[in-house]
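Please read it alongside the sequence and coordinates.

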Amino acid sequence: MRVGKNSKHSKKVDEHRRFFSSAVVFRSILMLLLWSMLTSVWAGGSCVVAKRQGDSLAIEWQASFSDSALSAMEKAKKRLLDQGYRKKGQDVHAQAGSDLPHAYLVIVKTGYTTLRGQPRTSYGCGFSPVSAGEAERAALYDLRNYSWGWKPEFGYEVVERFRY
């Protein structure tokens with residue numbers, strides 16, 4: 001018996017193929033979503049800086065297996081606020097964060113004088129799953145993004161370097 005293109009058997013086979021291929025895609029998407037939730041909800045880090053008129057006053061950071069970037073940011077921000085950085089004219093904000101489950105964290109600090117003669121302190125915070133060197137480069141990039149007047153020739157010091 002020959003099965004034609006428009007037979008009932010052929011239509012059933014096509015329906016099963018579509019169903020199983022969409023089920024495989026659905027399962028794959030579901031697995032990716034679950035994996036991303038597991039790796040991002042339970043680990044991460046954040047750096048929070050207190051500033052006043054462009055000058056960085058203090059930095060706090062939090063990074064661990066048990067914190068997401070959001071919860072790490074909230075904890076670091078609370079520590080700065082508890083230290084009194086809530087006065088008029090001061091701003092406490094998250095400067096960098098990561099949902100990486102395992103990473104290197106490097107924090108850099110620099111002091112320099114602006115073109116107008118104002119002393120400035122600035123921080124940079126960087127994360128990298130690859131190496132501490134990559135995290136340091138990310139911290140310098142972060143420093144440059146938040147301190148437009150800073151130039152590499154002004155120098156910097158590494159305040160913190162660790163892996164979580």
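The protein chain contains 3 helices and 6 strands, where helices (H or I, at least four residues) and strands (E, at least two) are DSSP runs numbered from the N terminus. Along the sequence these elements follow the pattern α-β-β-α-β-β-β-α-β. The model is predicted: local features need pLDDT of at least 70, side-chain atom pairs count only at pLDDT 80 or more, and totals for chains, interfaces and linings use all residues. Residues are numbered from 1 along each chain as its sequence is written, and side-chain values use heavy atoms, with hydrogens and water left out.

**Chain totals**

- Of the 164 residues in the protein chain, 35% count as buried; buried means under 20% relative accessible area, exposed over 50%, and partly exposed in between (1.4 Å probe, protein chains only).
- The protein chain exposes about 10900 Å², and carbon and sulfur atoms supply 59% of that area; accessible areas come from the Shrake-Rupley method with a 1.4 Å probe, and for residues only the protein chains shown count as cover.
- Among contacts between residues at least 6 apart in sequence, 62% join residues at least 24 apart, a contact being heavy atoms within 4.5 Å.

**The three-stranded sheet**

- An open sheet of 3 strands has the order β5-β4-β6 with antiparallel pairing; two strands pair if DSSP finds at least two bridges between them.
- The edge strands, each pairing on one side only, are β5 (119-128) and β6 (157-163).
- From one strand to the next, the twist averages 10 degrees; axes are lines fitted to C-alpha atoms, for helices over the stretch in contact, and angles run from 0 to 180 degrees between N-to-C directions.
- Helix α3 (residues 132-146) packs on this sheet and touches β4, β5 and β6, its direction making about 140 degrees with that of β5.
- In general, the strands of a sheet pair through backbone hydrogen bonds, either parallel or antiparallel.

**Strand pairings**

- Strand β4 (residues 104-113) is joined to β6 by 6 bridges, and the two run antiparallel.
- β4 and β5 pair in the antiparallel sense over 10 bridges, with V106 standing opposite G126 in β5.
- The hairpin of β4 and β5 has 5 residues between the strands, and G117 in this hairpin takes a positive phi near 85 degrees.

**The disulfide**

- The count comes to 1 disulfide, under the criterion of a pair of cysteine sulfur atoms within 2.5 Å.
- The disulfide joins C47 to C125 with an S to S distance of 1.8 Å, and the link is right-handed, with 40 degrees about the S-S bond.
- C47 lies in strand β1 (residues 44-52) and C125 in strand β5, so the pair ties together parts that are 78 residues apart in sequence.
- Both cysteines, C47 and C125, are buried.

**L105 in β4**

- L105 is found in strand β4 and counts as buried because its relative accessibility is 0%.
- L105 and Y164 are 59 residues apart in sequence, yet their C-alpha atoms are 7.8 Å apart in space.

**S128 in β5**

- S128 has its place in strand β5 and counts as buried at 5% relative accessibility.
- The side chain of S128 reaches the backbone nitrogen of V130 at 3.0 Å. This is a polar contact, defined as a pair of N or O atoms within 3.5 Å; within protein, one must be able to donate a hydrogen and the other to accept it, and residues adjacent in sequence count only if both atoms are side-chain atoms.
- Residues up to four places away in sequence aside, S128 touches L100, A103, Y104, E134 and A135.

**E60 in β2**

- E60 has its place in strand β2 (residues 55-64) and is buried, with a relative accessible area of 18%.
- A polar contact of 2.8 Å links the side chain of E60 to the side chain of Q83.
- Neighbours within four places in sequence aside, E60 is in contact with S46, C47, V48, A76, R79, L80 and Q83.
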